[in-house]
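Have the structure open beside you as you read.

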Amino acid sequence: MRSINTQRKADGKEPQEPWQYFDLMGGTSTGGIIAIMLGRLRMTISECIEAYMELSKAIFTPKRSWSSPIRGVEYLNGDGKFDSLFLEKEIKNQIRKSKLGEGDDQILLQDPGSPCKVCVFALRESNSKLAIFRSYDYLYAGQTLFWACKVWEACRATSAAPTFFDPVQLGPFKQSFIDGGLGYSNPIFKVYDEAQNIWPDRTIVATSVGTGEVPGTAFGGNLKRIAESITKIVTGCDVVADNFYNANKDMVAEKRYFRLNVTHGLGNIGLEEHKHIPEIVAHTERYLIRAETQTKVRKCVDALMRERIDNGNSIPLLRGLQTHESTDSVNDLQRRFLALKPEASIVQQLRGTGANIRRKELREAARQKDESILAEEASLYDITASDEWLNAVKSIRDECFKRSNSNRDRIKIAILDTGICQPHPFFDEIRQDRIAACKSFLDETKQDTYDTHGHGTHIAGIIMQLAPNADLYIGRVVEGDEMSLSDADRISKGIIWAISQNVDIISLSLGFNSPQDQITEAIKEANNRDILIFASASNHGANKINPISFPARDQNRVFCIHATDAFGVNLTSSPPLQPDRANFTVIGDGIKSAWTLPAGMKRKSGTSFSTPIAAAIAALVLEYVNQSSEGCSSAEGRAPAIQDRNRKKLHRHEGMAAVFTKMGTPRAGGFRYLRPWVLWGERAPRFSRERVLRNLEELVENI
């Protein structure tokens, strides 16, 4: 900030504080507290340093004296070594002293009108799931921890490291939270995701500030467990930093990612760091005066100042090019999405309570709304998040395609699965019209395509929800979950039939442990005809030697689709990252769709149900470029159609892979998490057709 303000002064501008200059600050544990001090409480850097040192001195105080035998046991075990009450008391004290607190230690974390957004991370003690405490709201943000959370509660939750402090219980239902350090000690991926979710069309500059090298053994009290815990945390920070670097080499090359971390000298400074201020300062200054560090800092400042000139605001960890979006308009869009959900009123009433709604409550909600909501032991919050993710795509689709020419060629999608339950009320007259053809390969003499299982019906329902203008070609090639060699023959025949129907896309939510020659040959033929093929990765997690099923394993011809929850976290049943692969992943958790009668509607999770979502996204891309420019608004003008040669490239595997790579947010481990709004924008109307088409042309031009 000193370098930035020096340059601002030279340019005749007033100096700024971090909260005025940066768009988003994020952190975990003490890093989270510092982010709140600088971003939410709007402290100056000097005020933050002073407050943090007072906080450090007060909170890193042993619970009991050595004269207590209980204290001695806790000390040796490293169980809640420091007093949580001191921590809470001092946090509140610093809030009261801040200029925003003005003597009040109960101010809320939410501050949606602030130019600087803040997010901190913790874990839910009950299930180790990530909890994000935000000062802001946006379309895809969960609300449970937003409406009533106080600043001191967020600080307490993010710093409740179980080895050092007791867990904290927050909210009316006393949810228990612990520090996210062991799981998200370096939250760069998560903060990066937050920035991309808030500003999907902005260029990001990320500055990550580390905590120093891996510690040695000179901790206060010489506690082995504490030493081991901190070593894991700091080592984890470095590993995550390396992963982010490797996953975002384009950012490094474009000077949009910077990592600052004192690499020597801080390893032997323990938690009672207020006693070692001279050492910390000395080692930090030694690091900063190194030629390599000075060069990195100079490049970082140059990048931040350069983007600032381009009308953007920067953020420690993240940086964008365009001006802030209207919070009100985003909230309006969110309310519009919620209005699309049948159970929206129940969800909206319960979200702010932090309630974890179990199966009994879900069934009661389903009874009240006269619909079947079948879910495993999942929270209503998670179900809502999945619905909102899908509703976001539907809303963007409606905005992007509402001007479409009804006479344009429809996209054709073949679903090769267990058939379809056409009598289901979900398939109303309009949807029945979208079922172009059905064929059974189980008993070709009877041609019975009725789905006795439910799997194929669910998949057809997913695609109809997201790509309602597509024509479906249903091939019944299997009866249930078990696969056999005879199924391989039927699947290959199904692919050949799909080719004969001139389909654009084939969806295969099935797989074998080993390649099947007849399917391979059929896939080759489909690939030669520029048909896009999507297949589920498998639901065996890392249990198998080769966790990717066939045909998803055919990476040069088939899109292998993994599965995440609504926040981009890979499901445990989804296979781990595979080297030298695209590793595309998309939501596949709690997906609601039709199921064979009398089940009604079901929620299902796994790669079988993320695969049709990816296929539907591809169909939307192809449909979009098929639209004529007729009917465009006068402000938009007549957008020229995409060149025919580039339109054809989008039907090829490598062409759609380029589009998916554009949509795919890099995640921990190297997965590409598909987010369609990256292409069309979070609020589609502000993206002109011409701009989207130009982006698509640029993606495939050199293929």
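The buried residues of helix α7 are Val151, Trp152, Glu153, Ala154, Cys155, Arg156, Ala157 and Thr158. That helix spans residues 151–158 and is mostly covered, with eight of its eight residues buried. Keep in mind as you look around that this is a predicted model.

His424 lies between β8 (412–417) and α18 (429–433). Because its relative accessibility is 3%, under the 20% cut-off, His424 counts as buried. Which residues does His424 touch, leaving aside those up to four places away in sequence? They are Ala594, Trp595, Leu597, Gly600 and Met601.

**Charged pairs**

Side chains of opposite charge can pair when their charged atoms come close. In this model the count comes to 21 salt bridges.

| Pair | N to O distance |
|---|---|
| Arg647 and Asp644 | 3.8 Å |
| Arg645 and Glu701 | 2.9 Å |
| Arg652 and Glu654 | 3.0 Å |

Take the pair within a helix to begin with. Arg647 and Asp644 are separated by about one helical turn, because they sit three residues apart in helix α23 (residues 644–649). An α-helix has 3.6 residues a turn, so residues three or four places apart point the same way. Asp644 has a relative accessibility of 45% and therefore counts as partly exposed.

Helix α23 also takes part in a link between distant parts of the chain: Arg645 belongs to this helix, while Glu701 is in the segment after α26 (689–700), 56 residues apart.

The remaining pair in the table joins Arg652 to Glu654. Arg652 is partly exposed, with a relative accessible area of 26%, and Glu654 is likewise partly exposed, at 38%. Elsewhere, salt bridges that share partners join Arg40, Arg42 and Asp111 into one network.

**Confidence**

How far can you trust what you see? The protein chain averages a pLDDT of 76, and 71% of the residues score at least 70.

Two stretches call for some care. Over residues 64–80 pLDDT stays under 50, and the model has 28 contacts beyond four places in sequence for them. Residues 214–227 also stay under 50, with 35 such contacts. Where pLDDT is low, the predicted coordinates should not be read in detail.

Methods. Residues numbered from 1 in each chain as written. Predicted model: local features only at pLDDT ≥ 70, side-chain atom pairs only at ≥ 80, totals over all residues. Heavy atoms only, no water. pLDDT = per-residue confidence, 0-100. Contact = heavy atoms within 4.5 Å. Buried < 20%, exposed > 50% of the residue type's maximum accessible area, 1.4 Å probe, protein only. Helix = DSSP H or I, 4+ residues; strand = E, 2+ residues; numbered from the N terminus. Salt bridge = Lys/Arg side-chain N within 4 Å of Asp/Glu carboxyl O.
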